[in-house]
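Student: Could you take me through one part of this model in close-up? I'd like a single connected account, with the cut-offs spelled out as you go.

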Amino acid sequence: AATASAAARPVPVFVVSQQGSRTSPMVVTIDGTGAIAVTSGKPAHTWRPRSHLSQDARDGLMMLAQAEGFFTLPSTITAAGPANSPTRSISIRSGTKVTRVTVRLARNRAFDQLYAVLLAAADVVGGAPPGQLESN
(Lines give C-alpha, C1' and ligand atoms only; values in the text may rest on other atoms or scores of the structure.)
Protein backbone atom coordinates (compact mmCIF):
# COMPACT_ATOMS: atom_id res chain seq x y z
CA ALA A 1 0.00 0.00 0.00
CA ALA A 2 1.28 3.45 -0.89
CA THR A 3 1.78 5.95 1.87
CA ALA A 4 0.26 9.44 1.71
CA SER A 5 3.71 11.04 1.33
CA ALA A 6 4.65 8.70 -1.53
CA ALA A 7 1.37 9.42 -3.31
CA ALA A 8 1.93 13.19 -2.95
CA ARG A 9 5.49 13.10 -4.32
CA PRO A 10 5.75 14.60 -7.85
CA VAL A 11 6.28 11.91 -10.48
CA PRO A 12 9.01 12.80 -13.00
CA VAL A 13 8.63 11.98 -16.64
CA PHE A 14 11.68 12.16 -18.89
CA VAL A 15 11.52 12.57 -22.66
CA VAL A 16 14.70 12.54 -24.74
CA SER A 17 14.56 13.16 -28.48
CA GLN A 18 16.71 13.75 -31.52
CA GLN A 19 15.80 14.69 -35.08
CA GLY A 20 16.99 16.49 -38.19
CA SER A 21 19.56 16.25 -40.94
CA ARG A 22 20.74 12.67 -41.51
CA THR A 23 19.80 11.69 -37.96
CA SER A 24 16.83 9.35 -37.67
CA PRO A 25 14.14 10.82 -35.45
CA MET A 26 13.98 9.12 -32.07
CA VAL A 27 11.93 9.73 -28.93
CA VAL A 28 12.66 7.93 -25.66
CA THR A 29 10.05 8.30 -22.91
CA ILE A 30 10.44 7.21 -19.29
CA ASP A 31 7.02 7.57 -17.71
CA GLY A 32 6.04 7.99 -14.08
CA THR A 33 5.82 4.24 -13.52
CA GLY A 34 9.32 3.72 -14.92
CA ALA A 35 8.09 2.16 -18.17
CA ILE A 36 10.32 3.00 -21.15
CA ALA A 37 9.13 3.46 -24.73
CA VAL A 38 11.19 4.27 -27.82
CA THR A 39 9.83 5.43 -31.14
CA SER A 40 12.09 5.95 -34.11
CA GLY A 41 11.77 7.03 -37.70
CA LYS A 42 14.27 4.36 -38.69
CA PRO A 43 12.15 1.24 -39.26
CA ALA A 44 15.16 -0.95 -40.06
CA HIS A 45 16.39 -0.52 -36.48
CA THR A 46 14.49 -2.28 -33.71
CA TRP A 47 15.11 -0.57 -30.39
CA ARG A 48 15.06 -2.89 -27.41
CA PRO A 49 15.19 -0.56 -24.44
CA ARG A 50 15.24 -1.65 -20.86
CA SER A 51 11.60 -2.22 -19.99
CA HIS A 52 11.45 -0.46 -16.60
CA LEU A 53 13.44 1.83 -14.29
CA SER A 54 13.04 1.58 -10.55
CA GLN A 55 11.89 4.51 -8.44
CA ASP A 56 15.44 4.80 -7.09
CA ALA A 57 16.80 5.07 -10.65
CA ARG A 58 14.20 7.73 -11.58
CA ASP A 59 14.95 9.67 -8.38
CA GLY A 60 18.66 9.46 -9.24
CA LEU A 61 18.00 10.84 -12.74
CA MET A 62 16.06 13.74 -11.22
CA MET A 63 18.91 14.42 -8.76
CA LEU A 64 21.40 14.38 -11.65
CA ALA A 65 19.24 16.86 -13.61
CA GLN A 66 19.21 19.15 -10.58
CA ALA A 67 22.97 18.76 -9.99
CA GLU A 68 23.72 19.51 -13.67
CA GLY A 69 21.64 22.70 -13.45
CA PHE A 70 19.22 21.46 -16.11
CA PHE A 71 16.33 23.51 -14.73
CA THR A 72 18.34 26.74 -15.09
CA LEU A 73 19.58 26.14 -18.64
CA PRO A 74 18.14 28.33 -21.41
CA SER A 75 15.25 26.64 -23.24
CA THR A 76 17.21 26.77 -26.52
CA ILE A 77 20.96 26.41 -26.97
CA THR A 78 22.15 26.88 -30.56
CA ALA A 79 25.23 27.47 -32.63
CA ALA A 80 25.45 28.82 -36.17
CA GLY A 81 24.84 26.31 -38.92
CA PRO A 82 22.36 24.89 -41.41
CA ALA A 83 18.67 25.08 -40.48
CA ASN A 84 18.19 21.33 -40.94
CA SER A 85 20.97 20.44 -38.47
CA PRO A 86 20.37 17.74 -35.85
CA THR A 87 18.39 18.83 -32.82
CA ARG A 88 18.38 17.10 -29.44
CA SER A 89 16.01 17.83 -26.59
CA ILE A 90 15.23 16.78 -23.05
CA SER A 91 11.91 17.42 -21.31
CA ILE A 92 11.45 16.70 -17.63
CA ARG A 93 8.11 16.87 -15.84
CA SER A 94 7.94 17.06 -12.09
CA GLY A 95 4.40 17.47 -10.82
CA THR A 96 2.74 19.95 -13.13
CA LYS A 97 5.93 21.72 -14.21
CA VAL A 98 7.63 20.76 -17.48
CA THR A 99 11.11 21.99 -18.37
CA ARG A 100 12.30 21.49 -21.94
CA VAL A 101 15.77 22.27 -23.28
CA THR A 102 16.54 21.98 -26.99
CA VAL A 103 20.09 21.98 -28.38
CA ARG A 104 21.00 22.48 -32.03
CA LEU A 105 24.61 22.30 -33.25
CA ALA A 106 25.94 23.29 -29.84
CA ARG A 107 27.71 21.40 -27.10
CA ASN A 108 26.82 22.06 -23.48
CA ARG A 109 28.44 19.87 -20.83
CA ALA A 110 25.42 19.79 -18.47
CA PHE A 111 22.96 18.98 -21.26
CA ASP A 112 25.23 16.45 -22.99
CA GLN A 113 25.97 14.55 -19.80
CA LEU A 114 22.31 14.36 -18.76
CA TYR A 115 21.31 13.37 -22.32
CA ALA A 116 23.89 10.56 -22.34
CA VAL A 117 22.89 9.24 -18.90
CA LEU A 118 19.17 9.27 -19.74
CA LEU A 119 19.83 7.24 -22.90
CA ALA A 120 22.14 4.88 -21.02
CA ALA A 121 19.57 4.41 -18.24
CA ALA A 122 16.99 3.47 -20.87
CA ASP A 123 19.62 1.22 -22.53
CA VAL A 124 19.36 3.15 -25.81
CA VAL A 125 22.40 4.38 -27.74
CA GLY A 126 22.31 7.94 -29.07
CA GLY A 127 24.87 10.28 -30.47
CA ALA A 128 26.06 13.76 -29.59
CA PRO A 129 27.47 16.10 -32.20
CA PRO A 130 31.24 16.33 -32.51
CA GLY A 131 33.03 19.34 -31.17
CA GLN A 132 34.28 20.97 -28.03
CA LEU A 133 32.09 21.03 -24.95
CA GLU A 134 31.40 24.38 -23.36
CA SER A 135 32.84 24.82 -19.89
CA ASN A 136 29.32 25.12 -18.44
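This is a predicted model: local features need pLDDT of at least 70, side-chain atom pairs count only at pLDDT 80 or more; totals for chains, interfaces and linings use all residues.

Tutor: Residues are numbered from 1 along each chain as its sequence is written, and side-chain values use heavy atoms, with hydrogens and water left out.

Thr 99 sits in strand E6, residues 97-104. Helices (H or I, at least four residues) and strands (E, at least two) are DSSP runs, numbered from the N terminus. Leaving aside neighbours within four places in sequence, Thr 99 touches Phe 70, Phe 71, Ile 90, Ser 91 and Ile 92, where contact means heavy atoms within 4.5 Å.

Searching the whole structure turns up 2 aromatic pairs. Phe 70 and Phe 71 have ring centres 5.4 Å apart and planes at 85°, so they make an edge-to-face pair. The rule is that rings of Phe, Tyr and Trp (its six-membered ring) pair if their centres lie within 6.5 Å; planes under 30 degrees apart count as stacked, over 60 as edge-to-face and the rest as tilted. Phe 70 is buried, at a relative accessible area of 1%, whereas Phe 71, at 31%, is partly exposed.

The rings of Phe 111 and Tyr 115 have centres 5.7 Å apart and planes at 25°, so that pair is stacked. These two are 4 residues apart in helix H3, which means about one helical turn separates them. Phe 111 and Tyr 115 are both buried. Arg 88 lies over the face of Tyr 115, 5.0 Å from the ring centre; to count, NZ of Lys or CZ of Arg must be within 6 Å of the ring centre and within 35 degrees of the ring normal.

Now for H3 itself. At 1.5 Å a residue, its 13 residues should span 18 Å, and the end C-alpha atoms are 18 Å apart, which agrees; the expected span is 1.5 Å times one less than the number of residues. Buried residues in H3 include Ala 110, Leu 114, Leu 118 and Ala 121. Among the elements covering the buried residues of H3 are E6, the strand we started from, and helix H2.

H2 (residues 55-67) also has 13 residues that should span 18 Å, and its end C-alpha atoms are 18 Å apart, in agreement. Arg 58, Leu 61, Met 62 and Ala 65 are buried in H2. They cover an arc of only 95° around the axis, which puts them on the same side of H2; the arc is that of the directions from the helix axis to the C-beta atoms. On the other side of H2, Asp 56, Met 63 and Ala 67 are exposed. Cover for the buried residues of H2 includes strand E5 (87-94) and helix H3 (109-121). After H2 comes Gly 69, with a positive phi near 75°.

Zooming out, the chain has 3 helices and 6 strands, running α-β-β-β-α-β-β-β-α from the N terminus. Of its 136 residues, 33% count as buried.

Key: Buried means under 20% relative accessible area, exposed over 50%, partly exposed in between (1.4 Å probe, protein chains only).
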